[in-house]
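Student: Could we go through this model by question and answer, with the definitions stated as we meet them?

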Amino acid sequence: MTKKSQQLYIFIDSNIFLNFYDFHHEDLERLAQLVELVEGTEIKLFTTKQIKQEVDRNREARLAEAYNKFRESKITVDMPVICQAYSEYTEVKEAQKVLADKKSALSKKLWKDIISHSLEADNIVRKLFEAGTEIDSDKVLEEARSRYAIGNPPGKKDGLYGDEINWEALLKFIPSDNHFIIISDDKDYKSPLNENELREFLVKEWEEVKNSKILFYRSLTSFFKEHKINIELRWEEEKDKLIQELFESPNFSTTHEIIKSLSKFINFSEDQVKNIGRAALLNSQVSWIAKDPDVKKFYEKYVLSNAGRFADDEWSKLQGTFLETEVESVDPADIPS
């Protein structure tokens, strides 16, 4: 892939960059390969001033959630009075003290790296931005305002027009000598008919203005697989595996363990949120313990806060499962595939 015509032109949305703060250490190490490809001739990464600002604005909130979850976690071992007669009692107490000290030291190091922007994820994001080509998105503010006013996608029409700024910048400044790739999990880019495809309006506009092809991927993993880039990220695969296990959970105990494992993550894709919700509707081993504190807390945070991602009938059933006193059984045939 040394010829310019074979080089991949890509744009990575801010939601993809922010996911890096939820990646395993091994995945971040593998992403160093992506940095090398962008620094070389294989991939040309285009980014915008707007994207960098979006990452900066949302980084604190993403990390605060993860840090607070770690800081508030408990490491105590409850032992009744009768345990005091055994030598192991003192050993457990001493081990607990050592563990508490280790946790405190780790907490301080983690906080220092968060404040100084020295996390592994920070380094990967910074290197990709440095290796990429930045577009001054401030130059298309008027075009973005006009796009917002007209109502053309992308964008949430909530008084802000970040997506509009990015799209107008790409439309104006991306070279037309190659096809272009957008990697984003933002629903405002997705086709209502097929969430794995870019909105038809955007495809037509791009082809008319740029006279080139535009491709759309919802994750780095799908982009890597399609273009045979040998970078495997187990982050998404692990979440998908746990969600599938939630669908198949055979008992309450297993459900609690799966919820505990899923709770260590701080972000889920739109598809993953939908599947977590559907697991509660289709598996009675989830719905029957919907009121248990750990299950309810998890679903309230990741599912019940995302009403717009579910069809009306699904949303109504989810509310009935988690918010009403009685839980009604759900016929699997009632849930769209």
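Student: Which residue in β2 does F11 stand opposite?
Tutor: The model is a predicted one, in which local features need pLDDT of at least 70 and side-chain atom pairs count only at pLDDT 80 or more, while totals for chains, interfaces and linings use all residues. Residues are numbered from 1 along each chain as its sequence is written, and side-chain values use heavy atoms, with hydrogens and water left out. Strand β1 (residues 8-12) runs parallel to strand β2 (residues 43-48), the two being joined by four bridges, where strands are DSSP runs of E with at least two residues, helices are runs of H or I with at least four, both are numbered from the N terminus, and two strands pair if DSSP finds at least two bridges between them. Within β2, the residue that F11 stands opposite is F46.

Student: And which residue in β4 does F11 stand opposite?
Tutor: Strand β1 is also joined to β4, again by four bridges and in a parallel arrangement. In β4, F11 stands opposite I182.

Student: In what order do the five strands form the open sheet?
Tutor: The pairing throughout this open sheet is parallel. Because β3 (133-135) and β5 (214-217) stand at the edges with a single partner strand each, one side of each is left without a neighbour in the sheet. Neighbouring strands are turned by 30° against each other on average, direction ignored, with axes taken as lines fitted to C-alpha atoms (for helices over the stretch in contact) and angles running from 0 to 180 degrees between N-to-C directions. The order is β3-β2-β1-β4-β5.

Student: What is the bridge partner of I181 in β5?
Tutor: Strands β4 and β5 run parallel and are joined by four bridges. From β4 (residues 180-183), I181 and I183 point one way and F180 and I182 the other, and all are buried, that is, under 20% relative accessible area, against over 50% for exposed and in between for partly exposed (1.4 Å probe, protein chains only). In β5, both faces are covered, with I214 and F216 buried on one side and L215 and Y217 buried on the other. The bridge partner of I181 there is L215.

Student: Does H24 count as buried or exposed?
Tutor: H24 is found in the loop between α1 (14-19) and α2 (25-39). Leaving aside residues up to four places away in sequence, H24 touches R234, W235, E238 and F265, a contact meaning heavy atoms within 4.5 Å. Because its relative accessibility is 17%, H24 counts as buried.

Student: How far apart in space are S104 and R71, C-alpha to C-alpha?
Tutor: S104 has its place in helix α4 (residues 87-115), and, because its relative accessibility is 35%, S104 counts as partly exposed. In sequence, S104 and R71 are 33 residues apart, whereas their C-alpha to C-alpha separation in space is 8.5 Å.

Student: What share of the 337 residues of the protein counts as buried?
Tutor: The protein has 15 helices and five strands, and its C-alpha atoms fill a box of roughly 80 × 50 × 40 Å along the principal axes. Among contacts with a separation of 6 or more, 74% come from residues 24 or more positions apart. Of the 337 residues, the buried share is 44%.
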